[in-house]
Amino acid sequence: MMGAFAAIADGNKLVETYQIPDPAHTVTAKLTPVLQDKFKTSAVKTISDLEEKITSDTALAAAAERQGVVLDVVTVGWGYSYFPLNWGRYNIGTNVNARLIDARSGKVIAQSHCIPPKEQQANFPAPEPDKAPTHDEMMADNAALIKATIIKNADTCAAIIQKNMFGGW
């Protein structure tokens, strides 16, 4: 248990030190124009980054003043882990949830989950541990590989979520 807390603290420090973007922001940025097109509006009220983290459907609807829809995108998990049979190589992963809430009723009208399939992940062309990056490769150039991989995985998640929630509109 203490190891898990240490890993979380190290991860938070890594994100802060290298300014690694939260995948949820990338997914939201990709899906917002899709929603604007679907609902034929250019008016979007952003309620993200609130001081208190709102998680309930009804509270999010209230924060949107019971008007329109709420797109709630949350990064469930992101980071890297070593391969069990090759401790010197790492997989960079992303795990995102999204839901669309009718702000008037506070009910979820669409939702999706995304972990990019191995063949669509950005950090290596195949799920072969021997081709995955080393720790030094991930940290080089101000963690450029981690940043690029997280963004690529978020782009993949945006496409998957769009298809799952909106049928590809």
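Patches are made of residues with over 30% relative accessible area and no salt bridge, where like charges are joined within 9 Å and nonpolar side chains (Val, Leu, Ile, Met, Phe, Trp, Tyr) within 5 Å. Here F39, V69 and I109 make a nonpolar surface patch of about 250 Å², with accessible areas coming from the Shrake-Rupley method with a 1.4 Å probe and, for residues, only the protein chains shown counting as cover. A salt bridge, the term used in that definition, is a side-chain nitrogen of Lys or Arg within 4 Å of a carboxyl oxygen of Asp or Glu.

Before going further, please keep in mind that this is a predicted model, in which local features need pLDDT of at least 70, side-chain atom pairs count only at pLDDT 80 or more, and totals for chains, interfaces and linings use all residues. Residues are numbered from 1 along each chain as its sequence is written, and side-chain values use heavy atoms, with hydrogens and water left out.

Let us step back to the whole chain. Its secondary structure comes to four helices and three strands, where helices (H or I, at least four residues) and strands (E, at least two) are DSSP runs numbered from the N terminus. Along the sequence they follow the pattern α-α-α-β-β-β-α. Of the 169 residues, 35% are buried, meaning under 20% relative accessible area; exposed means over 50%, and partly exposed lies in between (1.4 Å probe, protein chains only).

The three strands form an open sheet in the order β1-β2-β3, with antiparallel pairing; two strands pair if DSSP finds at least two bridges between them. At the edges are β1 (69-83) and β3 (107-114), each pairing on one side only. From one strand to the next, the twist averages 10 degrees. A hairpin joins β1 to β2 through two residues, and these strands pair over 14 bridges, with V70 opposite I101 in β2. Strand β2 (residues 86-102) pairs with β3 over seven bridges, and V96 stands opposite C114 in β3.

Two helices pack on this sheet. Helix α2 (residues 23-38) touches β1 and β2, and its direction makes about 145 degrees with that of β1. Helix α4 (residues 135-166) touches β1, β2 and β3, and its direction makes about 35 degrees with that of β2. For these angles, axes are lines fitted to C-alpha atoms, for helices over the stretch in contact, and angles run from 0 to 180 degrees between N-to-C directions. Contact means heavy atoms within 4.5 Å.

Now to the charged pairs: the structure holds four salt bridges. One of them joins K30 and D155, with the closest N and O atoms 3.7 Å apart. This pair links distant parts of the chain, with K30 in helix α2 and D155 in helix α4, 125 residues apart.

D72 lies in strand β1 and R99 in strand β2, so the pair ties together parts that are 27 residues apart in sequence. D72 is buried at 13% relative accessible area, and R99 is buried at 15%.

E137 and R89 form another salt bridge, their closest N and O atoms being 3.9 Å apart. Because E137 lies in helix α4 and R89 in strand β2, the pair ties together parts 48 residues apart in sequence. Salt bridges that share partners also join D57, D72 and R99 into one network.
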